[in-house]
Amino acid sequence: MSRAALLLLADGRFPAGGHAHSGGVEAAIARKAVHDTDSLEAFCRGRLHTTGLVAAGLAAAAAAGLDPLLLDDAADARTPVPALRAVARRLGRQMMRAARATFPSADLEHLAAARPQGAHQPVVVGLAARAAGLAPVDAAYAAAYENLSGPAGAAVRLLSLDPLDASGLLARLGPETDHVATAAADAADRAMTDGIDALPSASAPLLDITGQQHAAWSVRLFAS
């Protein structure tokens, strides 16, 4: 196992397309729900414990060896909004390209062939982590952190926030990120014996609603 692989997966410079997406914060800023560092922290905390937990659970399960096609169906069931399902598969397709080049594996090739239009991003993250020799909890960390760092980085651009404040925000959420990654890995372990329904299925209805609305905007800085 190489922890350097975890750093690479979690690095915003990894060419997986995340820089073009705001994780819902662009819509939140438009409706004034996010307007400063404190409100951004609240937004990120809510995202971490809902969509972040779900993504971390899927990634951990893929890294643990659960069937990625079943996990992709489970991700669909946990993403009720068509616009966000499309985003997840678009990000998964880009992540797949980067992962196949960086961590070649038969599992990634099989999933790419089975889902030519893209599998859900967290499933691909988990397979990439598995190919890199990482543990399920490492995959959970990568998925959970991406759910925070994306919106934080987007908000810096949209609100002209001090990047140092955004970094401090991510650091303050560190203990909660630890908790989410551990809970996700534990759920993935249970899913190995109890089935995929053991994985987290937390929801964020407002993110779903605003995500679908954002997809219809004629002018926007981010794709989602």
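Student: Where does Lys32 lie?
Tutor: Lys32 lies in the loop between α2 and α3. The model is predicted: local features need pLDDT of at least 70, side-chain atom pairs count only at pLDDT 80 or more, and totals for chains, interfaces and linings use all residues. Residues are numbered from 1 along each chain as its sequence is written, and side-chain values use heavy atoms, leaving out hydrogens and water. Helices are DSSP runs of H or I (at least four residues) and strands are runs of E (at least two), numbered from the N terminus, and the place asked for is the loop between α2 and α3.

Student: Is Lys32 buried or exposed?
Tutor: Buried means under 20% relative accessible area, exposed over 50%, partly exposed in between (1.4 Å probe, protein chains only). Lys32 has a relative accessible area of 66%, so it is exposed.

Student: What is phi of Lys32?
Tutor: Lys32 is a residue other than glycine.

Student: Which loop holds Ser160, and what is its phi?
Tutor: Ser160 sits in the loop between α8 (136-159) and α9 (163-172). Its relative accessible area is 64%, so Ser160 is exposed. Ser160 is not a glycine, yet its phi is positive, at about 55°.

Student: How many helices does the protein chain have?
Tutor: The chain reads α-α-α-α-α-α-α-α-α-α-α along the sequence. It has zero strands; the helices number eleven.

Student: What is the radius of gyration of the protein chain?
Tutor: This radius is taken over C-alpha atoms, and the globule rule is 2.2 Å times the number of residues to the power 0.38. For 224 residues the rule gives 17 Å. The chain's value is close to that, so the chain is as compact as a globular protein of that length: 16 Å.

Student: How far is Ile29 from Leu40, C-alpha to C-alpha?
Tutor: Ile29 is in helix α2 (residues 25-30). At a relative accessible area of 15%, Ile29 is buried. Leu40 is eleven residues away along the chain, and the two C-alpha atoms are separated by 9.0 Å.

Student: Which residues does Gln121 contact, leaving aside neighbours within four places in sequence?
Tutor: Gln121 belongs to helix α7 (residues 121-131). Its relative accessibility is 11%, so Gln121 counts as buried. Its contacts are Ala88, Leu91, Gly92 and Glu146.

Student: How far apart in space are His214 and Glu146, C-alpha to C-alpha?
Tutor: His214 is in helix α11 (residues 205-215). At 2% relative accessible area, it is buried. In sequence, His214 and Glu146 are 68 residues apart; in space, 20 Å.

Student: What percentage of contacts between residues at least 6 apart join residues at least 24 apart?
Tutor: Of the chain's 224 residues, 50% count as buried. Among its contacts between residues at least 6 apart in sequence, the share joining residues at least 24 apart is 81%.

Definitions and conventions
Contact = heavy atoms within 4.5 Å.
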